[in-house]
Amino acid sequence: MGAEHSRPRLRPHADTGAAPVLEPGHLDALWFQVTGTRCNLRCAHCFISCAPDNDAFEPLSLEEVERRLEESVPLGVREYYFTGGEPFLHPRIVDILSRALEYGPTTVLTNGTLLKPLQVEPLAAAAAASRWSLEFRLSLDGFDPCSNDALRGAGAFERAMAGVELLLAHGFLPIVTAVETWDPASAPEVQRRLVETLKAHGYSRPRIKLMPALRIGAEAARSGGYGEHDRVTHEILEGYDLGQLVCSHARVVTDRGVWVCPILLDAPDGSLGDDLARAAETPFALGHAACHTCWLHGAICSNPGSAAPESAIPREAAIPVPAALDETAP
Amino acid sequence: MIRLAARRVALFGGVYSNYLALEATLADADAAGVDEAVCLGDLGAFGPHPDRSCEIIRAAGIPVVQGNYDHSLGHDLPDCRCGYTDPRDNAFAALSYRYTYAHTHPEHRAWMSGLPARIRLALGDREALLCHGSPRRANEFLWESACSDHFLGWLLDEGRADVLCVTHTGLAWSRALPGGRRVVNVGAIGRPANDGDPRVSYAILTAGDDGGPPRVEWRRVSYDHAALALEMRAERLPEEFIETIETGWWTTCLEVLPMKERARGRF
């Protein structure tokens, strides 16, 4: 069947020392770097070092977003993601998201600290009128001001919680994303307290998505970055579900053209020109530390339920063990 | 690739070992006068005594598309590959899979391994493609609020079909596209549709008159859900699964739902 041809695959190779080259599958997700790299916060763990004074990428205009949405239709794009920087710094963000909701499922990634009723109210109306979901993904990295603000800056926690409450009041169920900057041993406790905190703020059934820390950008300085051996090789891609790599099914629109992936804005070879249809088909050499991160954790940028992982079992354990399954046998 | 032809067809999926709902569904489809019934996969999960559903389906000679669950059971894989990402959801999925694997006869599992991933159906003069999750992936979730029209159109183009029928999400919906094309998620008969109604749902598609697009008819089926709940308790299946059967509200495997679908439920 035709869909076989739209699967991502590796370019046949002779030299196993070179980075594997991925030929992408169908363009499922289109990302928009809607405020460029401008953010009101300066988080210690940001993977592209977004900040109030980072103008490496400029905001997109409403017209530019509309042009790209229109280009995405013949490509059969499934869903749209808006990120930055902080999208709610954009003066036209309500119009932009409302427009996207006329085309398909829309997700906005925000720190929640700038949300105003004047924005959330019309967005609730646009979401109700659309047949598609408007997802808010709200970043919070701790369950109290102390743990959160150490990374995100003073006052960020209280303002983000006010953002959560505002979204709830308008019928949204934000997906709270938390970067796992804590000791893995304390993860269950951190998650429990995060749930408790959100419930205390009126979120009775909190949706939480834990994200691994990407040791690139500002985070590289904080946690030491990756070693030179933390790279994707042909060997580790053997039997790997290539659909878990974001560049197998996504591209990013920026003011400087189309880029391969939301976490490779700093990489010069991440630029794939201005033509979206062509960029969607352009192979990419998986030579970056960020690619290793993506291989390791898989499709973390996508919403839950959007890019289903092949298996819930960690790769090293993904061998048939039917005997172990018989423990419930009578 | 299996090819079928029909003018009026019952399409159901997500049996999830709910053999009582399966019996009720087949009786309902029979009474509704269908000339074919096809199962879109996932015979096991959640419910008790998985062999019973296999026996009913096989005795009735109903064509079955291989779901991710059937594929995993058939190939002795260590998990169901349902596509969950949340730890609690995956813990419940693992529990359910262990029970189902252990209680599915090896002969049924061998049969599951040979099921087709896709079935083509001539529905009048329209071409329908039947699969479990999506034509490209058995565990892809096609949620109503998370698929643009142009994406669904692309799936139909790639599948060279006028009508695409799927299940896997457990929630029924249908979308008409330009040119009389259509995508139908037939829902699930193994657990209710997260709307507080314990009945389950499936779809009957009827070929259009004079070459028009097929009509979709939603069927809600009552069955003895209290009896199923009793059997689940006797098998010591999780109380969370039983609550869903009794109340019609989902209690697990919720974190993959998009916002609109999630907001309609209680949990």
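This is a predicted model: local features need pLDDT of at least 70, side-chain atom pairs count only at pLDDT 80 or more; totals for chains, interfaces and linings use all residues.

Mentor: After helix 9 of chain A comes A:Gly298, which has a positive phi, near 70°.

Elsewhere in the chain, a pair of helices may be considered. Helix 2 (residues 93–100) and helix 3 (residues 117–129) of chain A pack with their axes 10 Å apart and at an angle of about 10°. Because angles under 35 degrees count as roughly parallel, helix 2 of chain A is roughly parallel to helix 3 of chain A. Helix 2 of chain A contributes A:Ile93, A:Val94, A:Leu97 and A:Ser98 to the contact, and helix 3 of chain A contributes A:Gln119, A:Pro122, A:Leu123 and A:Ala126. By residue class, this contact of helix 2 with helix 3 of chain A comprises six nonpolar, two polar and no charged residues.

There remains the contact between the chains, to which chain A gives 39 residues and chain B gives 42 residues. On the side of chain A that touches chain B, strand 6 (134–139) and helix 10 (322–325) of chain A each provide at least two residues. The residues on that side of chain A are divided into 20 nonpolar, 10 polar and nine charged.

Definitions and conventions. Residues are numbered from 1 along each chain as its sequence is written. Chains are lettered from A and ligands numbered from 1 in the order in which they are written. Helices (H or I, at least four residues) and strands (E, at least two) are DSSP runs, numbered from the N terminus. Two residues are in contact if their C-beta atoms, placed from the backbone, lie within 7 Å. Ala, Val, Leu, Ile, Met, Phe, Trp, Tyr, Cys and Pro count as nonpolar, Asp, Glu, Lys and Arg as charged, and the others, Gly among them, as polar. Axes are lines fitted to C-alpha atoms, for helices over the stretch in contact, and angles run from 0 to 180 degrees between N-to-C directions. Angles under 35 degrees count as roughly parallel, over 145 as roughly antiparallel, 65 to 115 as roughly perpendicular and the rest as oblique.
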